[in-house]
Structures are given as structure tokens and as C-alpha cells.
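Dear colleague,

I am handing over the structure below. Please look through it first; some notes on what was found follow.

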Amino acid sequence: MLPGIGEMFEIPALTERGPVTILFIEAVPGGELDAFKGVKTESDFQERMLGLIRRYFPDIESRIDQDRFGPADERAILQTAITPVIYRPYTSVNGTLIVGCGDSVFLNDPITGQGCNTASYCAERLAQTLKDYRDLEWDQRIGEEYWSRTRPYVKAVTAWTNAMMGPLPVHIGERLMQAAADQTSADEVARWFEDPLQAYEAFFHHER
């Protein structure tokens, strides 16, 4: 992680061509890792990627076999950008209740990897809400109830994700440094991604 700039994930994967390592960069727009605009060819992409790795990720560079490094095939390069946005997850059209789950209504930056967690959490709450109110007319009130059940979780995930996009609080930096040397602390940090409410507490209510 490079606070204020972005981060890189190193992801092992299995393809039709065999095992590969995916180098996944999440860059803050306009920052130093946001370096691939206008890159059209595999050779330019490879050169740009190696330059970033040498400058910002020396541990990864030390494991690269220079003779084998490069895209696995012509479809191995993907670039995209998103604008995070949180919508109220319900509306009414001609008297019919419309509700949403997942990225269609709760689109956070992927830096914390919470897309699936948030989607599944909200789907469970929606299913339970509809079950609880199955004998009533499904109107705006049901949408409001669903939103009230999901809002605390969505707000916590969003606040944590946004905090990860900027300079980290001092106490979080200290926790991460401790986790690098202590397995118990590392396990606690890993659980943030399993239960983002723990991450929210760690970031914003650490004095407890």
C-alpha cells in the first residue's frame, strides 16, 4: 500500500497457459501509479509496469524473472476506471417497488475488496425484509425498512474504504507495521476484510 497513491496486489492464478501471477494495480486517479493512459502496445505496457515496480515495489521486483516477465497473451492486459457512488437502494415506479443490491447501488472503490461482502450482506437483508413483510403490500415503506437494515453496514464499509484512499491515521500505520512482524496482529488485520465492521471500529473508534 502507498497511501495517497494506490496499491498493488500480487495474485496467483491458473490460466489456459498454466500458472501466472497477476499484478493488479489500484491507482488514485492522477497519482503516480495512474501511469497507463495512452499505452497501446504490450511492449509499452510491460516497460511502464516494470518501471513502476522498480520504483515502488522492490520486493516484487526481486522475485521477477526478467526473461519470462510479460503479458501471458494478447488479452492479459485490462484497464478500467470507476467512480464510487452510493445510492438509496429503493424507489417506486408507477406504484411498483424497485430495490437494488450490490454494485448497482453500493459502488465503493475496490481498495478494500468489499464488493461481494456488501452485495451478499444486502441480499440477505433484502430477503429477510421481504419475508418479514410478505403479507403486506410491497411499497415505499418496505424499501425504507430494507434501507434502514443495510445502511449502518454500508456506511461503515464506505467510511473505511474512503479512509483507506488517503493518508492512513497514525494508529493504523502502527497497527500495520506491527502486523508485518507479528502473526496475531496480522490475523486481526486480515479479519478487517472478512468483517468490515471490525475495520470501521479500528479506524474510527480505536480509543475503545
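Helix H6 has 12 residues, 183–194, which at 1.5 Å a residue should span 16 Å, and its end C-alpha atoms are 17 Å apart, in agreement. Helices (H or I, at least four residues) and strands (E, at least two) are DSSP runs numbered from the N terminus; the expected span is 1.5 Å times one less than the number of residues.

This is a predicted model, in which local features need pLDDT of at least 70 and side-chain atom pairs count only at pLDDT 80 or more, while totals for chains, interfaces and linings use all residues. Residues are numbered from 1 along each chain as its sequence is written, and side-chain values use heavy atoms, with hydrogens and water left out.

Ser 185, Val 189 and Trp 192 are the buried residues of H6. They lie on the same side of H6, because they cover an arc of only 40° around the axis, taken from the directions from the helix axis to the C-beta atoms. Buried means under 20% relative accessible area, exposed over 50%, and partly exposed in between (1.4 Å probe, protein chains only). The buried residues pack against helices H4 (140–164), H5 (170–179) and H7 (196–204), contact being heavy atoms within 4.5 Å. The face turned away from the buried side carries the exposed Gln 183, Thr 184 and Glu 194.

Trp 192 has a relative accessible area of 4%. Phe 203 is also buried, at 4%, whereas Phe 204 is partly exposed at 34%.

Regards
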